[in-house]
Amino acid sequence: MKRKTYKTSETVDFIVVGSGSSGGIMARELARAGNSVVVMEQGPRLAPEDFEHDELKYRNLSGITNNPATNPQTFRNSENEVAKPVSGRNPLTYARVVGGSSSHFNANFWRLHEIDFIEGSRLGPIEGASLVDWPITYAELEPYYTMVEWEVGVSGLAGASPFDPWRSKPYPMPPLPVKSSGVLFERGARKLGLHPFPAPMAINSVFYKDRPPCVQCGLCGGFGCEVMAKSSSVWTVIPEAEATGRCEVRPESYVFRIGMNKAGRATGVHYFDGDRNEQFQKARAVVVCANGAETPRLLLNSAPDGSADGLANSSGAVGRYLMFNKGGGAQARFEHPLNEYKGANVTRILHDFYDSDPKRGFYGGGGFDARSGGPLTWGQNVPKGTPTWGPGFKEYLESYTYWMNCSGHGTSLAVESNRVDIDPELKDAWGVPAIRVTHKDHPDDTKHAKWQVERAVEIMDAAGATQIVPGEIGEATGGVHLLGTCRMGNDPATSVIDKYHRTHDVRNLFLCDGSSMVTSGRGQPTQTIEALAFRAAEHIARFARANEI
């Protein structure tokens, strides 16, 4: 198929900044609605065979993620400290390829529950946090959750969990085959009276939309899928957007500023092309889907007058309320080999502890799953008391196939001082002011994570583990779930976008990604981000038809 291209001198209807979970959907829906669309992606476009299962390269050397050598960031715990780089890595990690982080996600696709949208009114204020209701409800988003499952592709078993929210349709594919870790996790959980169930995953379990089922390679999280079984936007919605003949995906196009005119309207984007030459693409409207780190960074670097307040920030909320999803779990060793290096990372989860329970003495809820990690990553995290050299270390490394993880995924409270802003001195390799991260866990987040560790130990003990290593809970110094930094709301004084994802301040500027989320959810936000994108695209296309952009 010959791919559509537009000239920079042409005024397209929409520029979509970012090609990940939300950007790919936005591009497809706007193009199918008859609009001309250019998708700007910082990184290259890789073919399936270009992805590698090189743990060292992908996990430690920024193979497809933002590289601290060229895209550095700084970190601090409070605004009273001087932010500094984190040794060897960036605090906020995300992919820089066409498909964004949907290319390398684990593919856990949990819906939010009804409670997630109304916790502020249900639980009341929490000291030191901003726990507020969303401007939309689960009922409003449910049709778009269903759209994600059927249009993008999710495998699972509807009705398998007594705690699941209501749904209008079952999953389009059956669940993936259960792994050893899933069997043991289920055994332990049921012994404790809990309700494990097949994990909903954005991975094909059967042929679906001309893509094959999972080949059980064992390396999902952090890696691209060379057979296209994982429902990443680069294999799903982006080709469908291009098939309209109205969408161009422009890789290696690094947007660093949104163009504005004197009337206060977005006019397009300034970007660096693959040769680092500055370009400008004209557009009637701009939709930023760059993730919860790059979206606020772009706004803060886009003030027409160069002020530190940035663009679309009359509320002062741009970059604030950064949430990661705090969680706690345990490693467990069993008598016989589990061979966890094969199969999708996760096949069983439970949501018995999903809701926040005041009886626990702190805010927080979430879920657990059984999972594995790659051998290199696992071998670099040696439990306390285990030798790190000699025969004892050798025995530990050779025991890899006997181990699994019981992982807890939980909530993070929105705290105003937790934020992404611009470092006053550091710039990236293109000369663009770099990200500065300020973050300190709310005490309830830490308490809940420690509580999750205790539950994980109980589950693994009930499953018959011969050795259990409880997870250590420390202060978060970064994350991959980057949420809340341009939160939606009805009040322009306290939020950045309205419930249709239009910025309160700029009529033809829209934002849709993890930054839109008002609360963190329970540890797996991607399906919600994609549902929000389907919903936002429907409304934005309607605005375009009515000439309201």
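Searching the whole structure for aromatic pairs turns up 18 of them, where a pair means rings of Phe, Tyr or Trp (its six-membered ring) with centres within 6.5 Å. Planes under 30 degrees apart count as stacked, over 60 as edge-to-face and the rest as tilted. Keep in mind that this is a predicted model, where local features need pLDDT of at least 70 and side-chain atom pairs count only at pLDDT 80 or more, while totals for chains, interfaces and linings use all residues. Residues are numbered from 1 along each chain as its sequence is written, and side-chain values use heavy atoms, with hydrogens and water left out.

Take Y254 and F272 to begin with. Their ring centres sit 6.3 Å apart with the planes at 50 degrees, so this pair is tilted. Y254 belongs to strand β6 (residues 254-260) and F272 to strand β7 (residues 266-272), so the pair ties together parts 18 residues apart in sequence. Helices (H or I, at least four residues) and strands (E, at least two) are DSSP runs here, numbered from the N terminus. Y254 counts as buried at 2% relative accessibility, and F272 does too at 11%; buried means under 20% relative accessible area, exposed over 50% and partly exposed in between, using a 1.4 Å probe and protein chains only.

β6 and β7 pair in the antiparallel sense over 6 bridges, and strands are said to pair if DSSP finds at least two bridges between them. G259 has G268 in β7 as its bridge partner. The hairpin has 5 residues between the strands, and G264 takes a positive phi near 80 degrees there. In β6, 5 of the 7 residues are buried, so the strand is largely enclosed by the rest of the structure.

Another aromatic pair is F353 with W451, this one edge-to-face: 5.2 Å centre to centre and 90 degrees between the planes. F353 lies in the loop between β10 and β11 while W451 is in helix α10, so the pair ties together parts 98 residues apart in sequence. Both residues are buried.

Axes are lines fitted to C-alpha atoms, for helices over the stretch in contact, and angles run from 0 to 180 degrees between N-to-C directions.

Two buried loop residues are worth a stop here. H439, in the loop between β14 (433-438) and α10, has a relative accessible area of 3%. Setting aside residues up to four places away in sequence, H439 touches F75, R76, N77, L322, F324, N418 and A476, contact meaning heavy atoms within 4.5 Å. N418 sits in the loop between β12 and β13 (419-427) and is also buried, at 3%. Beyond its neighbours within four places in sequence, N418 contacts G319, R320, Y321, L322, T438, H439 and K440.

Finally, head over to helix α4 (residues 138-153). Its axis comes within 8 Å of that of helix α11 (residues 526-545), crossing at roughly 105 degrees. The two are therefore roughly perpendicular, given that angles under 35 degrees count as roughly parallel, over 145 as roughly antiparallel, 65 to 115 as roughly perpendicular and the rest as oblique. Among the residues that meet are Y144, Y145 and V148 in α4 and L532, F534 and R535 in α11. The buried residues of α4 pack against α1 (21-32), α6 (237-242) and α11.

Rings return at this end as well: F117, W134, Y138, Y145 and W166 are linked into a cluster by ring pairs. Y138 is also a contact of H113, a residue of the loop between β3 (73-76) and α3 (119-123).
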